[in-house]
Amino acid sequence: MTRSLWVVAAAALGLGLAACGDDDDGGNGQPAACTPPATATVRFAADVHPILTASCGTCHGDAGTLSKFGSATDQTSYDAVKAKVSTATPAQSRLLVKGNGGDGHVGGDRLSDADSARIQTWIAECAQDN
């Protein structure tokens, strides 16, 4: 009976470690392999932040209790949004999925196709704080 318990514990530990995977993002929402372009075509402060403020600020602004990626302050917004993007799969980033009305977003589809494409390009360019 004791040996069975050890086998189960070892298997659980192995599965837990396997779940860590090789795509560790270092806790910053970005895979280590992302190499930004020499010149970004979409910048966070000038292009993405105004979209987030206008489209998401009502619920995700400074006064709300939700993530503050629609904050009036671009640094607060960037700090909140970086955990909601995946540079490995930009179109599947939670920011875009939820912003386009998916994954049970109570706020519905808040991003236009043009805004969604602009944000997706920014994410693909390594979601820089620029």
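Me: Leaving aside its neighbours within four places in sequence, which residues is serine 71 in contact with?
Reply: This is a predicted model, in which local features need pLDDT of at least 70 and side-chain atom pairs count only at pLDDT 80 or more, while totals for chains, interfaces and linings use all residues. Residues are numbered from 1 along each chain as its sequence is written, and side-chain values use heavy atoms, with hydrogens and water left out. Serine 71 sits in the loop between α2 and α3 (helices are DSSP runs of H or I, at least four residues, and strands of E, at least two, numbered from the N terminus). With contact meaning heavy atoms within 4.5 Å, its partners are His49, Thr53, His60, Gly61, Asp62, Thr76 and Ser77.

Me: With the side chain of which residue does the side chain of serine 71 make a polar contact?
Reply: Serine 71 is buried, at a relative accessible area of 0% (buried is under 20%, exposed over 50%, partly exposed in between, with a 1.4 Å probe and protein chains only). Its side chain reaches the backbone nitrogen of threonine 73 at 3.0 Å, and at 2.5 Å it meets the side chain of aspartate 62.

Me: How many residues apart in sequence are the parts that cysteine 34 and cysteine 126 tie together?
Reply: A disulfide, a pair of cysteine sulfur atoms within 2.5 Å, joins cysteine 34 to cysteine 126, S to S 1.9 Å. Cysteine 34 lies in the loop between α1 and α2 and cysteine 126 in the segment after α5, so the separation in sequence is 92 residues.

How values were computed
Polar contact = N/O pair within 3.5 Å; in protein donor to acceptor, adjacent residues only side chain to side chain.
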